[in-house]
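My entries follow the structure.

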Amino acid sequence: AQSGPVGLLFPDQGSRSLRLLSAARNLPGVPRMLRGLRELLGFDPLEETPIQGVWELFRGPEAIPVWLEETELCQPVMFVCAMAAIERLNQRRPGCLDQCRAVAGLSLGELAALTYAGVFDF
């Protein structure tokens with residue numbers, strides 16, 4: 001069954017989740033992205049960070065890492081997460097992006113959309 005045209009919408013940094021990036025860490029291309037991200041940040045965003053204060057104990061198991069609340073750290077990670085999401089989609093539904101006719105993004109997602117569209121290299 002052939003599907004109709006597909007459009008991709010990339011979210012802004014408010015999505016702040018490392019789950020997809022963690023799930024996609026071994027897909028083609030993603031290890032290279034993660035190496036570049038580690039070089040840029042100076043740490044591995046997928047490694048658990050030590051507790052920095054007692055207040056962190058009350059954040060709950062679903063809380064994002066404290067460093068992910070800082071824009072200068074969050075944006076590069078969420079950009080790489082968006083690029084990894086493409087790899088994950090290709091893995092789960094091979095060929096689905098062949099029908100992609102439009103991309104859009106909100107704020108930081110605009111950069112991911114333009115990168116996917118081939119305007120920027122990554």
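Is Arg38 buried, partly exposed or exposed, and what is its relative accessible area? I find Arg38 partly exposed, at a relative accessible area of 31% (buried is under 20%, exposed over 50%, partly exposed in between, with a 1.4 Å probe and protein chains only).

I note that this is a predicted model, where local features need pLDDT of at least 70, side-chain atom pairs need 80 or more, and totals for chains, interfaces and linings use all residues. Residues are numbered from 1 along each chain as its sequence is written, and side-chain values use heavy atoms, without hydrogens and water.

I searched the whole structure for salt bridges (a side-chain nitrogen of Lys or Arg within 4 Å of a carboxyl oxygen of Asp or Glu) and got one. Arg38 pairs with Asp44, and their closest N and O atoms are 3.8 Å apart. Asp44 counts as buried, at 18% relative accessibility.

I then listed the elements, taken as DSSP runs (helices H or I of at least four residues, strands E of at least two, numbered from the N terminus). The order from the N terminus is β-α-α-α-β-α. Of the 122 residues in the chain, 32% are buried.

Last, I checked helix H3 (residues 71–92) against helix H4 (residues 108–116): their axes, lines fitted to C-alpha atoms over the stretch in contact, come within 10 Å and cross at roughly 40°, on a scale of 0 to 180 degrees between N-to-C directions. The contact (heavy atoms within 4.5 Å) involves residues including Phe79 and Ile86 of H3 and Leu111 and Tyr116 of H4.
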